[in-house]
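Let's take a walk through the aromatic side chains of this protein.

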Amino acid sequence: MSARITVNHTLGEAISVASGGTELLSYVYRPDPEAFESRKPYIHPLRTLSGSLVSGYRPNDHRWHKGLQMTASHLSGQNFWGGNCYLGPGQGYQEKRDRVGSMRHDGFEAFEAAEDRLRFTESLTWIENGGEEWAREQRTVGLHSVEPDEGSYALDWSIHLTNTRTEPLRFGSPTTAGREMAGYTGLQWRGPRDFTGGDVLGPDGRGGGGEPGAADLMGTQAPWLAFVGTHDDIDAKSTLLFAHAPENEGGIHASHWFVRSRPIPTVAFSWAFFEEFELAPGESFSYRYRVVVADGAWDRDRAEAYLKSHGW
């Protein structure tokens, strides 16, 4: 049975959700102060039911990594990820501030808060660095299944993106630009520093302890992936379970996992890992994802049992 939640909405700034005296998350949609970090909404902090922090914010290696956020690292020559731009094998990463775009919060189309769940739909506009509006997004975020007996809750995140330009939008990644096995883009999670070296598990026996497990799953296709980290200060582990909705398999482009355990803990649902794809003018695409936040170290059996017992 789901536990009660408390929702606090500070208009123009953020939405926070708490349960059992613990703030589980804050969805921050006020504009970032630093344009180079690609202004866009994000979730941070993200915590387990016991209060363990499972997201990182502005780490010193990548200041533009902010908890859980929607990104597009390579989009028609613009960077909606933040930070330096990868320009190809001969040029590497360079600071190109005139190529960093942003996502503008335009308002909420729907906001439904019940005693045990929250669901809101947000309108956003993707804007290239010069101010031209390139895409319109309808984003839906929901929190549900707050289950103290399981030690977990679920966070759903969906995107419906429409090209508002008169020419195609080209989605890619550093790998499509020539950097091997660096296909990061799409919905991205950055873990806290103490999760570095964590275990990464997938279905069918894939993955395992530390970076070998992450390397085994990097660039692969699978319906789910789990990241298990060990906390500093407290004797505890936490698990984040990332899962595709069933319909994602037939999406506009094949998705692959971008995952690292070292040198940083991160996972992304990459929609353009190995190959670019185009979105024609006026056309749209949709994806739907789930992130389960859990206390303790889950194994494959527990991850799969959870997904089977919690439908979409």
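Before anything else, a working rule: rings of Phe, Tyr and Trp (for Trp, the six-membered ring) pair if their centres lie within 6.5 Å. Keep in mind that this is a predicted model.

With that rule in hand, one aromatic cluster is made up of Phe-171, Trp-189, Phe-195, Phe-227, Phe-242, Trp-257, Phe-269, Trp-271, Phe-277, Phe-285, Tyr-287 and Tyr-289. As for the pairs, the count comes to 30.

Start with Phe-108 and Phe-111, whose ring centres sit 6.0 Å apart with 80° between the planes, an edge-to-face pair.

Now go to Trp-257 and Phe-269, both members of the cluster. Their centres are 4.9 Å apart and the planes meet at 45°, so this pair is tilted. Trp-257 belongs to strand β19 (residues 256–260) and Phe-269 to strand β20 (residues 266–270), so the pair ties together parts that are 12 residues apart in sequence. And here both rings, Trp-257 and Phe-269, are buried.

Look at Phe-36: the charged end of Arg-97 sits over its ring, 4.2 Å from the centre. Then find Trp-312, where Arg-290 lies over the face, at 4.1 Å from the ring centre.

Terms used:
Residues numbered from 1 in each chain as written. Predicted model: local features only at pLDDT ≥ 70, side-chain atom pairs only at ≥ 80, totals over all residues. Heavy atoms only, no water. Phe/Tyr/Trp six-rings, centres within 6.5 Å; stacked < 30°, edge-to-face > 60°. Helix = DSSP H or I, 4+ residues; strand = E, 2+ residues; numbered from the N terminus. Buried < 20%, exposed > 50% of the residue type's maximum accessible area, 1.4 Å probe, protein only. Lys NZ or Arg CZ within 6 Å of the ring centre and 35° of its normal.
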